[in-house]
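Subject: Handover of a two-chain model

Dear colleague,

I am passing on the structure below, and after it I set out what was found. Please read the notes with the model open beside them.

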Amino acid sequence: MTAVTSCWGFSGYIGTMNHIAVSGQNTNTDTNTNELYAPLPVEIRHKLEKHEQTKTVASGTRLISQGVLPACLFIINSGSVEVSVPSCGKSITVAVAGSGKVFGLHALVSGELPRVNVTSLEECAITLIPKEKFAEILQSNPQIYLAIAKVLSQDLRIADDLLRRIPRGAGPGRRFNGHKVN
Amino acid sequence: MAPAYNFQIIENCLKCQHREDHLFCNFPNSVLAALQKIKATSVYPKGALLCIEGQAPRGVYILCTGRAKLSTTSAEGKSIILRIAEPGEVLGLSSAVSDTPYEASVETLEPTQANFISRTDFLNFLKEHTDVGVRVAQQLTHNCKCAYDEIRSLGLSNSVPEKIAKLLLHWSEHPLNLPKKKPNEIAIRVTLTQEEIAQFAGTSRETVSRVLSEFKRKGWLNIRGATWCITNKPALEKLVTT
């Protein structure tokens, strides 16, 4: 499992004109492996899998909205989603994430409202776990917290990396390599 | 223990008066007793480097007293401040959890007490206590929130005055308890130099100087050494559009 954790992850940005793509290559043949499950023991994964629901969403579907507590944990199985920081009708793209990425953990562990939007860029297959069910399993299996911490650490690294890349003094309407201001 | 640097050194986490105020210290006594066994207390002068960007993660620091700046180097090669850490925060957390090099250099902005915990001890502490797992997740979420706010500020703010107004408003959330000359005055302690404020706001020192002079001229701000008084908070709030 350790090898899987290190090889999938968000290993870096693939810069394009207007977005940062995050490589989320899952080389494991186990299709259920994602950044949260990868470090977990099999028995805990099975507990989580019992509550999974799978769904296909169309391009442009908002999975997480800024300021709205998500009802589920979202795992991207295929397709890509955009993570963006919105403000007053404008937004800046933080990352484009692919299969294996998990969303909804921040709100679930802190109860704080999301600061970002997560929107599908194409048709995506996703897995959902209701937050109440996840919270129940979390309570009886506290070792999940280390896996959660690893996911959140990765999110922080992506955000910090973008902070390094934003040219200082850039304002709205100015396009710069690796990310865009809409 | 005798006071050093104008503050009392807190040797025993169980007897700390601030434990309920700090996110990572407000644990049950049994957890604090375990923390007490694995932490090493140190006091640092202003300007001390706790860890350096790119260094292998030796462990985490819990900031007990004082503040520290987290800085890194931008893609353009400039030094930038990611954020200012406040007492109660855990520094080096994401690197210790994921065994990756420290993301930022941490330098104390004032005399500081910090408790160091080695990475191995910290991970065991995290695995053994559910409460610690919850706080670690909350701290990382808080750090992400700060990073997203900073992205919003740097990427979407329209002007440097807006960015500096945002900084002042953020700092005003931790006011000094000083006698007020005017009822709406908010006193804050600013230990950053104008150069450091420029690194935070993504501009030049000269521009920071000009904007602060403008704020003073308009009667929104008074500066007396490291003590700054915000005298017109609504005016600063009006500047902020994002």
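This is a predicted model: local features need pLDDT of at least 70, side-chain atom pairs count only at pLDDT 80 or more; totals for chains, interfaces and linings use all residues.

Leaving aside neighbours within four places in sequence, A:Pro86 is in contact (heavy atoms within 4.5 Å) with A:Gln66, A:Ser91, A:Arg115, A:Val116, A:Asn117 and, from the other chain, B:Arg152. A:Pro86 belongs to strand 6 of chain A, residues 81–87, where helices (H or I, at least four residues) and strands (E, at least two) are DSSP runs numbered from the N terminus. Because its relative accessibility is 10%, A:Pro86 counts as buried; buried means under 20% relative accessible area, exposed over 50%, and partly exposed in between, with a 1.4 Å probe and protein chains only.

Residues are numbered from 1 along each chain as its sequence is written, chains are lettered from A and ligands numbered from 1 in the order in which they are written, and side-chain values use heavy atoms, with hydrogens and water left out.

The two chains

Chain A has 5 helices and 10 strands, and 55% of its 182 residues are buried. Of the contacts in chain A with a separation of 6 or more, 74% are between residues 24 or more positions apart. Chain A exposes about 7500 Å², of which carbon and sulfur atoms supply 50%; accessible areas come from the Shrake-Rupley method with a 1.4 Å probe, and for residues only the protein chains shown count as cover.

Chain B has 8 helices and 11 strands, and 55% of its 242 residues count as buried. Its radius of gyration is 19 Å, which agrees with the value near 18 Å that a compact globule of 242 residues would have; the radius is taken over C-alpha atoms, and the globule rule is 2.2 Å times the number of residues to the power 0.38. Along its principal axes, the C-alpha trace of chain B spans about 55 × 45 × 30 Å. Among contacts in chain B between residues at least 6 apart in sequence, 70% join residues at least 24 apart, and chain B exposes about 10700 Å², with carbon and sulfur atoms supplying 50%.

The nonpolar cores

A nonpolar core is here a set of buried Ala, Val, Leu, Ile, Met, Phe, Trp, Tyr and Cys residues joined through side-chain atoms within 4.5 Å. The largest such core holds 90 residues, and A:Leu36, A:Phe134, A:Ile148, B:Val136 and B:Ile151 touch the most other members. Its largest share, 13 residues, comes from helix 5 of chain A, residues 144–165. A second, separate core of 28 residues includes B:Leu109, B:Leu169, B:Trp220 and B:Leu236. Returning to B:Val136, its contacts beyond four places in sequence are A:Ala149, B:Phe24, B:Leu93, B:Val97, B:Phe122 and B:Leu126.

Individual sites in chain B

B:Trp171 lies in helix 5 of chain B, residues 160–171, and is buried, with a relative accessible area of 8%. Not counting residues up to four places away in sequence, B:Trp171 touches B:Ile188, B:Val190, B:Leu192, B:Ile197 and B:Phe200; B:Val190 is 19 residues from B:Trp171 in sequence and 8.3 Å from it in space, C-alpha to C-alpha.

B:Ser105 is in strand 7 of chain B, residues 105–108, and counts as buried at 14% relative accessibility. Beyond four places in sequence, its contacts are B:Leu49, B:Cys51, B:Ile52, B:Glu53, B:Lys69, B:Leu70 and B:Ser71.

B:Asp99, in the loop between helix 2 (93–98) and strand 7 of chain B, has a phi near 55°, a positive value in a residue other than glycine, and counts as partly exposed at 47% relative accessibility. B:His129 sits in the loop between helix 3 (119–128) and helix 4 (130–156) of chain B; B:His129 counts as buried at 19% relative accessibility, and touches B:Val31 and B:Ala34, not counting residues up to four places away in sequence.

With best wishes
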